[in-house]
Amino acid sequence: MANVVVIGAQWGDEGKGKITDLLSRSADVVVRYQGGVNAGHTVVVQGQTFKLHLIPSGILYPDTECIIGSGTVIDPAVLITELDQLQALGISTQKLLISETAHVTMPYHRLIDQASEERRGNHKIGTTGRGIGPTYADKSERIGIRVLDLMNPESLRKQLNWTINYKNVIIEKLYNLPPLDPAVVIDQYLEYAERLRPHVVDCSLKIYDAIQERRNILFEGAQGTLLDLDHGTYPYVTSSNPVAGGACVGAGVGPTMIDRVIGVAKAYTTRVGEGPFPTELHGELGDILCDRGAEFGTTTGRRRRCGWFDAVIGRYAVRINGIDCLAITKLDVLDTLEEIKVCVAYEIDGKRCENFPSSSRRFSRCQPIYQTMPGWQQSTEDCRALEDLPKQALDYLKFLAELMEVPIALVSLGASRDQTIIVEDPIHGPKRALLYANGSPVSSGV
């Protein structure tokens, strides 16, 4: 039995959807513990693409129980659309469970999110406009609507009549937008409630029971470490805690119940939205990475900013999350490059810095210090074992593992499930992986 957290070790979009889907075959339960429809997972199975925003990737396995945890904020309209799309494709959603204490995104959250971002002008954060930040803000202000409130029509009417009138003052007076009609919103959300009612449970109790039964549990985060509200590149962050510690809070489990933390990182780096990005590439090289990596957001379709691998933020992610093994994705995107650079440290105001700075202003002054490695200039898409990789590709992986001081368990070489080198099964395997002894790779035997 193993309880494993999968987190993004960069700015999100690392390919967690594929890795979670891959690991879900060994999991009995998959739990989404934070974020909302501002995140998306793309999974390709037998040539068919699934784009999920709220439902855990494990839903594609018929025997896997999937739970949307209390730390997630739920847009019922989007969730119901996902349910309908999966059912239309013949995917059963009977094993999807929703935490009764998860908070609900309302129409006024979306309106305020979009209007607020527009009002910021040149100081935009780069939100998706899906209402996530305002939903979490209401949660903190203790005026949020939870799933259990949806299940009680009388209570919902009372709460929303007050809340919508309160929000209408902001919508009309501050943003000059037309007010919402409380009756229309209430009726709409009561319809959503009836559709979702069969899925609503006490999430924490369900997970605890699964742990007591010694079932394998996979905790799935959204976004990435550098977007964490407390530990990311603030203020250019999300509104929740994608880091591994967020799994305990968002799922309702104690830290002693977590056995392992898997960090997912691309073989290069991407970022969506605003904020500093030391290794960002402009021009032809950036375009090559974007085009070959299909770097467009699952949720927004926005083009992702691309750059070289940044080992400074990688080491920071290892430290903040307690990562004990890595999944490196999109190695194949680098196949055509003659040389590849890796940021090993920063230069700030003429001084070398090997640790991630907490200040975004200081971070914006970081200049990358690179080490250049030779490319392999041949396809890796069909590689299924370490020995299949070109020597230069294996050397590159080895270098990343040494810089981050964490072994590599999985290497992804394309979007499909089978385009993966499994060095070690992080759920069933021992705590060994792609290790390095005296400069030589040593396989764990998996």
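1. Leaving aside neighbours within four places in sequence, K139 is in contact with S70, G71 and H103 (contact means heavy atoms within 4.5 Å). K139 sits in helix α4, and α4 covers residues 132–141. Helices here are DSSP runs of H or I with at least four residues, strands are runs of E with at least two, and both are numbered from the N terminus. With a relative accessible area of 31%, K139 is partly exposed. Buried means under 20% relative accessible area, exposed means over 50%, and partly exposed lies in between, using a 1.4 Å probe and protein chains only.

2. This is a predicted model, in which local features need pLDDT of at least 70 and side-chain atom pairs count only at pLDDT 80 or more, while totals for chains, interfaces and linings use all residues. Residues are numbered from 1 along each chain as its sequence is written, and side-chain values use heavy atoms, with hydrogens and water left out.

3. The UniProt record, an unreviewed entry, gives "active site" at D13, H41 and K139. Of this set, K139 belongs to the lining of the second largest pocket. UniProt positions are in the numbering used here, feature names are shortened, and annotations may be inferred rather than shown by experiment.

4. What surrounds K139 in that pocket? The pocket has 17 lining residues, and Y136, K139, S239, S240 and N241 lie nearest its centre. A pocket is an open set of points on a 1 Å grid over the protein atoms alone, with protein on both sides within 12 Å along at least five of seven lines; a cavity is a set where a 1.4 Å probe fits but cannot get out; lining residues have an atom within 4 Å of a point. The volume of the second largest pocket is about 310 Å³. A volume is the space filled by probe spheres set on the points, with grid points joined across faces, edges and corners.

5. Helix α4 gives this pocket five lining residues, the largest share. Both α4 and α9 (245–251) supply at least two residues each. Sorted by class, the lining holds five nonpolar, eleven polar and one charged residues. Ala, Val, Leu, Ile, Met, Phe, Trp, Tyr, Cys and Pro count as nonpolar, Asp, Glu, Lys and Arg as charged, and the others, Gly among them, as polar.

6. Two domains are assigned: domain 1 (2–77 + 203–422) and domain 2 (103–198). Their bounds come from an automatic or database domain assignment. The lining of the second largest pocket takes at least three residues from each of them. Taken over C-alpha atoms, the domain centres are 30 Å apart. Across the boundary, 23 residues of domain 1 are in contact with 20 residues of domain 2.

7. The unreviewed UniProt entry also lists "binding site" at D13 and G40. These positions span 28 residues in sequence, yet no two of their C-alpha atoms are more than 8.2 Å apart, so they gather at one spot. D13 is in the loop between β1 (3–8) and α1 (16–24), and G40 is in the loop between β2 (29–32) and β3 (41–45). Both are partly exposed: D13 has 25% relative accessibility, and G40 has 24%. Apart from neighbours within four places in sequence, D13 touches K266, T270, V272 and R304.

8. Is helix α1 covered or open? It is mostly covered, with nine of its nine residues buried.

9. The structure has one cavity of 30 Å³ or more. About 60 Å³ of space lies in the largest cavity.

10. C66 lies in strand β5, residues 65–68. At 0% relative accessibility, C66 is buried. Its contacts beyond four places in sequence include V30, P56 and L97. C66 and I98 are 32 residues apart in sequence, and their C-alpha atoms are 8.5 Å apart in space.

11. Some backbone details are worth checking. Y234 and P235 are joined by a cis peptide bond with omega of about 10°. Q223 is not a glycine but has a positive phi, near 55°, and is buried at 9% relative accessible area. R214, also not a glycine, has a positive phi near 60°. R214 is in the loop between α8 (203–212) and β10, and counts as exposed at 58% relative accessibility.
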